[in-house]
Amino acid sequence: MGDPTKFHYLWEYYAFHIVFAGLLLSELFIFFHTIQRNSRVRKEKVDCGTKWLLYGNFAVCLFISVCSVSQAAPALLRQLMFPPSVADIGTAFVAVGIVVRLSAVLTLKKAFTLHVQTAAGQHLVKSGLYHTVRHPAYSGSILSLLGVALAFRNIAAVCLVLLCCLICYGARIRVEEKALQARFGKEYADYKRGTSSLLPYIF
């Protein structure tokens, strides 16, 4: 990441690192803000370990993206590259992902947690991004992680990151939707039928 030659232009190098720093800072903000707020509220946790699965996925995806362009990586792997213009798309993906994730977190307010859990008096949020997508915070994370891989332009890394995200977030979504279905019943079933999981009107 500290090597400007990984990017076609120097400004792309600086733009990516600014956005990447924003990604890390936004995740720290979400972590500490959520921990501080949720420590005051009694909730029923039904996480099944998916919180740690997502932490691991975040670290593994960044590791894959960086190592794919490292000199230690096999030469054949390092040669599987997208055109230089894809780096700009990747940086844009990271930036948009940050905005989407933060917007989703702030929309949920007290209802957002890092664990899968429910609380008495909790309401089903259907406003903002949640009007069309059930898990926009996860959409934002996937977009950012995919963007990091695209910024380094390695085709194999992009495919691996996408696969890891689909597996890990797919498991998290199954656990979360089971808990929400148990908590809200028919209201959640109706909401689920009228929305997409991650991408509006697509998926």
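Ser-196 is buried, since its relative accessible area is 12%, which falls under the 20% cut-off. In this predicted model, Ser-196 is found in the segment that comes after helix H7, and a polar atom of its side chain lies 3.2 Å from the backbone oxygen of Leu-199. When residues up to four places away in sequence are not counted, Ser-196 touches Thr-132, Val-133 and Arg-134, together with Tyr-201, Ile-202 and Phe-203.

A pair of aromatic rings is described by how far apart the centres are and by the angle of the planes. The count of aromatic pairs in the model comes to seven. One of them is formed by Phe-16 and Phe-20, which are stacked, with a distance of 5.7 Å centre to centre and an angle of 25° between the planes. These two residues are four apart in helix H1 (residues 10–38), so that about one helical turn separates Phe-16 from Phe-20; both are buried. Tyr-188 and Tyr-191 both belong to helix H7 (residues 186–193), where they are three residues apart, about one turn of the helix, and both are buried.

Phe-16 and Phe-20 also form one aromatic cluster with Phe-152. Elsewhere, a charge is placed over an aromatic ring: the charged end of Arg-183 sits over the ring of Phe-184, at 5.1 Å from the ring centre.

Methods: Residues numbered from 1 in each chain as written. Predicted model: local features only at pLDDT ≥ 70, side-chain atom pairs only at ≥ 80, totals over all residues. Heavy atoms only, no water. Phe/Tyr/Trp six-rings, centres within 6.5 Å; stacked < 30°, edge-to-face > 60°. Buried < 20%, exposed > 50% of the residue type's maximum accessible area, 1.4 Å probe, protein only. Lys NZ or Arg CZ within 6 Å of the ring centre and 35° of its normal. Polar contact = N/O pair within 3.5 Å; in protein donor to acceptor, adjacent residues only side chain to side chain. Contact = heavy atoms within 4.5 Å.
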